Amino acid sequence: MNLISELRADMLSAKMFPALSVGLVMGATGLAYLISMGALIFSGPSAPFLSQGTIMVVFGGFVVCLWIALTSGYRGAVAMIAAPSGVVLVEIGSTIGVEGDALERFMTAVTVVIVGSVATGVCFLAVGHFRLANLIRFIPYSVAGGFIAGAGAVLCMDALSLMGIARDWRTLPSLLEPDLLWRWGPGVAYGLGLFLATKRWNRHFILPASFLLIAMLYHLVFAFLGVSGDEARAAGLLFAGTAEGGLWPPFQPGDLAHVDWAAVTAQIPNILVLIVVTLIAVAVYLSALELATNVELEWNREFRAAGGAGVIAGLGGGPSGVIIPSSILSDRFGARTRLTGAVTALVIVSVVPLGDSVLKFVPMPLIAGSLFFIGFSLLYEWVVNRRGRLPWTEYAILLLIAVTTVSLGFLEGVGVGIAIAMVFFAVRLSRVDSIEASFTARERRSNKIRPIPDRALLRAEGERIQACRLRGYIFFGGVGPLLDRLKQFLDNTPRPACILLDFGGVSGFDFSAVNALCRFMHAAHAVGARVVLSAVPEKLEDGLERNLPRPVHDNLLFEPDADRALERCEDIVLAAWRSDPDEDRGLGDTLLERVAGDMERHLDRQALFEDLVDELRDWLELREYDTGEALVSTGEARKGLQLLIKGQASAYDSTGERLFQCGPGDAVEPRAAFGEYTAETATIADRPCRTMMLTPAARLWLEENEKQLVLKLYRYLLTLESRGDGYSRGPNS
């Protein structure tokens with residue numbers, strides 16, 4: 001269903017009324033918020049163009065809300081300029097140093113907003129296009145919370161400055177003086193009252209309704225006292241702009257000649273901070289929305305939607321925006337439709353044609369109070385509510401970032417946050433044990449079939465083979481404990497002849513890992529232990545070759561997988577035994593007893609197998625295979641089991657890893673005797689093989705006419721599955 005058809009269907013459905021209701025409330029709330037944010041961003045040096053700047057912010061909110069509503073994966077999405085992003089824009093506006101008239105200051109500020117919005121949008125589009133959204137999820141919760149809490153505190157301070165209170169801690173004692181109290185008192189009282197009311201009743205229409213009612217009350221008081229609108233604006237009680245003519249477009253192309261491009265260039269670090277803070281806001285908001293609605297969002301799509309909105313809003317002079325958690329209203333009131341965001345956007349844009357004629361009636365204490373309410377809500381949510389939910393270490397990190405942001409600025413706060421995130425990641429990752437499992441050849445053997453004497457020797461000498469399966473990302477944070485663990489193997493008694501390191505579970509490494517492994521290779525070479533490595537990444541193999549002396553590197557053995565590496569270790573131990581069979585290793589008569597017992601069981605099994613084949617010969621079909629030929633291919637439909645009477649074969653999975661070996665007396669794909677069966681593994685002849693096949697038809701005939709013989713066959717097959725002599729049933733047999 002295309003977008004137009006979807007909107008038409010929703011307009012004719014039961015979703016239409018909830019969408020109008022939620023959209024009108026969210027639009028009125030968003031409009032009050034955007035007017036407040038615009039007044040804050042373009043206050044100070046750009047105050048003569050306050051009306052134009054505010055209309056630009058409102059237009060940006062309209063574009064962001066409409067675009068994300070139509071392109072987001074969440075139907076019912078409502079988008080707005082993120083409060084932390086707005087705070088950064090306020091900080092940017094206050095640091096623009098332009099020596100010139102008001103138009104130059106205004107156009108320079110507008111250009112910075114445009115560049116910041118477009119750059120943020122392009123960054124978001126890149127994240128979505130290259131599917132990098134999962135990287136954003138890795139931001140630690142406490143770090144993200146510290147940014148948001150810091151933004152809330154700064155927003156409260158900016159709200160006070162909008163009411164004429166200097167951002168200086170030394171002014172705190174004088175705030176209760178009557179001439180200052182009447183400036184900030186009404187706005188703070190409105191913001192705190194709004195906070196308490198929303199905490200008590202949790203109704204989102206409280207903000208727009210209270211905004212409208214108290215604005216009307218202000219004008220009634222002005223009329224009762226005989227104060228004109230111009231007098232109220234001169235006293236700072238009403239929104240004061242100096243727009244001449246229309247407010248849209250807010251500037252003409254020729255006005256770009258008044259831009260101070262040196263001042264714009266000087267804001268590049270702050271623009272980068274804006275991008276980072278907006279990224280964090282998106283991550284926090286999307287996570288909150290997923291948790292509240294129990295809907296799994298496709299983050300890459302949401303970044304593409306926010307990126308497109310940011311570019312379009314920026315080209316129109318407005319800030320970028322993101323989907324906000326208040327979108328849960330669409331879910332709660334049955335308005336999960338794109339109409340909700342569209343209605344919200346239309347309410348927001350309705351003020352643009354009216355422009356200054358509407359803005360001039362807005363009381364400034366309400367604008368400042370709305371911003372104070374938003375900032376105080378963020379502070380309460382992240383500093384108070386999260387205090388009992390987070391471990392004290394993470395809560396301390398949150399407070400540190402928030403305090404740094406408030407006291408030093410967002411750029412410093414971002415720097416501290418990034419540093420903490422890196423340390424946080426390194427410490428946590430270093431606590432992950434790089435050794436997933438360790439074992440000896442006594443506990444696990446390769447899948448290679450070996451003669452009975454060799455199997456007995458490996459059981460006796462298995463502890464001379466030490467094997468480790470490594471995992472995860474091996475880096476400087478965890479390489480020290482790994483090196484200590486590996487060196488402990490060299491001190492074992494008896495001293496190992498082989499050390500097997502399996503890199504099959506390693507996702508990556510840095511040069512510190514290469515350096516530590518080289519030191520271990522030196523230590524192993526010094527005590528005469530061979531090191532066998534499996535599934536080694538090509539870059540690691542190259543790094544070892546470049547950093548190890550030739551004699552040490554030549555002592556290394558490389559195998560494609562752990563099974564082949566374990567087979568190589570077994571070969572080394574057996575070769576060492578054969579080279580000096582007279583050396584007293586403490587085996588004595590125990591080895592002879594084990595060999596004798598195993599040999600007796602093996603001969604008994606072989607005799608049973610030969611008798612069974614002789615009795616079944618009339619119902620079996622002969623098959624012969626050359627070395628390298630497939631007895632069974634993966635995905636092949638098999639029509640009978642094969643009894644291997646001569647040769648040797650290996651079974652492999654789809655990745656080419658050897659699962660086990662088969663020898664005389666083993667059965668190949670026994671399930672194929674009970675009907676057509678698709679093989680899940682491939683069995684390849686290691687040496688020329690001869691098999692006897694029992695087809696399903698022959699099995700059925702035996703079940704009907706030779707019940708004792710077929711029971712003997714089944715008993716033998718069950719014995720194969722349960723035996724533990726190390727012949728063919730996998731690496732742990």
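**Reading the model**

Guide: The chain has 29 helices and 17 strands; these are DSSP runs, helices being H or I of at least four residues and strands E of at least two, numbered from the N terminus. This is a predicted model, in which local features need pLDDT of at least 70 and side-chain atom pairs count only at pLDDT 80 or more, while totals for chains, interfaces and linings use all residues. Residues are numbered from 1 along each chain as its sequence is written, and side-chain values use heavy atoms, with hydrogens and water left out.

Visitor: What percentage of the residues in the chain is buried?

Guide: Buried means under 20% relative accessible area, exposed means over 50%, and partly exposed lies in between (1.4 Å probe, protein chains only). Here, buried residues make up 52% of the 733 residues in the chain.

Visitor: How many aromatic pairs does a search of the whole structure find?

Guide: Rings of Phe, Tyr and Trp (its six-membered ring) pair if their centres lie within 6.5 Å; planes under 30 degrees apart count as stacked, over 60 as edge-to-face and the rest as tilted. The search finds 10 aromatic pairs. One of them joins Phe-195 and Tyr-380, edge-to-face, at 5.1 Å centre to centre and 65° between the planes. This pair links distant parts of the chain, with Phe-195 in helix 8 (residues 178-201) and Tyr-380 in helix 18 (residues 364-384), 185 residues apart. Phe-195 is buried at 8% relative accessible area, whereas Tyr-380 counts as partly exposed at 26%. Another edge-to-face pair, Tyr-218 and Phe-222, has its centres 5.9 Å apart and 65° between the planes. These two residues are four apart in helix 9 (residues 206-225), so about one helical turn separates them. Both Tyr-218 and Phe-222 are buried.

Visitor: Which residues form one aromatic cluster with Phe-195?

Guide: The cluster consists of Phe-195, Phe-372, Phe-376 and Tyr-380.

Visitor: In what order do the five strands of the open sheet lie?

Guide: Two strands pair if DSSP finds at least two bridges between them. In this open sheet the order is 3-4-5-6-7, and the pairing is mixed. Strand 3 (435-440) and strand 7 (556-559) are the edge strands, each pairing on one side only. Strand 3 runs antiparallel to strand 4 (residues 465-474), joined by five bridges. Within strand 4, Ala-467 is the bridge partner of Phe-439.

Visitor: Which residues stand opposite Gln-642 in strand 17 and strand 14?

Guide: Strand 11 (residues 641-646) and strand 17 (residues 689-694) run antiparallel and are joined by five bridges; there, Gln-642 stands opposite Met-693. Strand 11 also pairs with strand 14 (residues 667-668) in the antiparallel sense, over two bridges. In strand 14, Val-668 stands opposite Gln-642.
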